Amino acid sequence: MSSFSYKQSVPSEWVDYNGHMNDAEYNRAFSLATDAFIDWIGLDEKGREQYQYTMFTLETHTCYLKEMHEGKAFEVSARVLDFDAKRIHLFLEMHNAEGEVAATLEEMMMGIDQNEGRPAPFPEEVAANVKAEYDKTSDQEPPKQVGRTIGIRRK
């Protein structure tokens with residue numbers, strides 16, 4: 001399994017009155033990348049049908065670091081920070097054409113049995129793919145945006 005990557009350019013309809021990509025559209029881009037990552041680990045349309053299994057997003061946290069402008073290419077990479085039998089703690093980085101991190105998204109996802117409509121352990125093949133993704137970066141330091149809370153710092 002090579003490394004996951006999602007590539008796109010900023011469409012004009014994603015640009016707001018400030019002249020750069022609207023905050024909601026960063027999240028759309030991350031959502032599209034998350035869908036591609038879910039496909040990557042074996043839960044594409046065929047896998048979802050075969051296993052009667054899907055993924056739900058439980059929580060996200062987005063950091064906006066650099067402006068993205070119309071027509072500019074970007075690439076999203078994904079890193080499995082942690083996982084258990086039915087959850088994935090995923091971290092996505094959006095890189096601009098210069099390779100700078102433009103935004104990050106931290107998210108918690110839950111695997112769902114489509115017949116029961118309830119959380120359920122990953123199918124075996126999917127679990128193996130999630131573990132393989134985790135193993136690629138498990139020895140690295142967590143990105144500085146991981147686990148952040150929102151608040152006004154007081155002195």
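Buried means under 20% relative accessible area, exposed means over 50%, and partly exposed lies in between. These legends use those words for a predicted model.

**View 1. Glu 25 and Arg 28 pair within helix α1.** The side chains of Glu 25 and Arg 28 form a salt bridge, 2.5 Å from N to O. Both residues sit in helix α1, 3 residues apart, so about one helical turn separates them. Glu 25 has 11% relative accessibility and therefore counts as buried. Side chains of opposite charge can pair when their charged atoms come close. The model holds 6 salt bridges by this rule.

**View 2. Lys 136 and Glu 133 pair within helix α3.** Here the closest N and O atoms of the salt bridge are 2.8 Å apart. Lys 136 and Glu 133 both belong to helix α3. They are 3 residues apart, about one turn of the helix. Glu 133 shows 5% relative accessibility, so Glu 133 is buried. Lys 136 has a relative accessible area of 32% and is therefore partly exposed. Glu 133 also takes part in the contact of α3 with α1.

**View 3. A salt bridge joins Glu 100 and Lys 66 across two loops.** The N to O distance between these side chains is 3.9 Å. The pair links distant parts of the chain, 34 residues apart. Glu 100 lies in the loop between β4 and β5. Lys 66 lies in the loop between β2 and β3. With a relative accessible area of 34%, Glu 100 is partly exposed. Lys 66, at 38% relative accessibility, also counts as partly exposed.

**View 4. Helices α1 and α3 pack at an angle of about 120°.** Helix α1 spans residues 23-43, and helix α3 spans residues 124-137. Their axes are 8 Å apart. The two helices are therefore oblique to each other. From α1, the contact uses Phe 37, Trp 40, Ile 41, Gly 42 and Leu 43. From α3, Val 126, Asn 129, Val 130 and Glu 133 meet them. The contact residues divide into 6 nonpolar, 2 polar and 1 charged.

**View 5. The largest nonpolar core contains 32 residues.** Met 55, Met 68, Phe 74, Val 76, Ile 88, Leu 90 and Met 94 touch the most other members. The elements that give two or more residues are α1, β2 (53-64), β3 (73-83), β4 (87-96), β5 (101-113) and α3. Helix α1 gives the most, with 8 residues.

**View 6. Thr 54 in strand β2.** Thr 54 lies in strand β2. Its relative accessibility is 14%, so Thr 54 counts as buried. Neighbours within four places in sequence aside, Thr 54 is in contact with Arg 48, Met 110, Gly 111, Ile 112 and Gln 114.

**View 7. Pro 121 in the loop between β6 and α3.** Strand β6 covers residues 118-119, and Pro 121 falls in the loop between this strand and α3. Is Pro 121 buried or exposed? Pro 121 has a relative accessible area of 53% and is therefore exposed. Not counting residues up to four places away in sequence, Pro 121 touches Tyr 53, Ala 85 and Lys 86. Pro 121 and Thr 54 are 67 residues apart in sequence. Their C-alpha atoms are 11 Å apart in space.

**View 8. Arg 148 in the segment after α3.** Arg 148 belongs to the segment that follows α3. At 43% relative accessibility, Arg 148 counts as partly exposed. Apart from neighbours within four places in sequence, Arg 148 is in contact with His 61, Cys 63 and Glu 106. Arg 148 and Cys 63 are 85 residues apart along the chain. Their C-alpha atoms are separated by 9.5 Å.

Technical notes:
Residues are numbered from 1 along each chain as its sequence is written. This is a predicted model: local features need pLDDT of at least 70, side-chain atom pairs count only at pLDDT 80 or more; totals for chains, interfaces and linings use all residues. Side-chain values use heavy atoms; hydrogens and water are left out. Axes are lines fitted to C-alpha atoms, for helices over the stretch in contact, and angles run from 0 to 180 degrees between N-to-C directions. Helices (H or I, at least four residues) and strands (E, at least two) are DSSP runs, numbered from the N terminus. Angles under 35 degrees count as roughly parallel, over 145 as roughly antiparallel, 65 to 115 as roughly perpendicular and the rest as oblique. Contact means heavy atoms within 4.5 Å. Ala, Val, Leu, Ile, Met, Phe, Trp, Tyr, Cys and Pro count as nonpolar, Asp, Glu, Lys and Arg as charged, and the others, Gly among them, as polar. A nonpolar core is a set of buried Ala, Val, Leu, Ile, Met, Phe, Trp, Tyr and Cys residues joined through side-chain atoms within 4.5 Å. Buried means under 20% relative accessible area, exposed over 50%, partly exposed in between (1.4 Å probe, protein chains only). A salt bridge is a side-chain nitrogen of Lys or Arg within 4 Å of a carboxyl oxygen of Asp or Glu.
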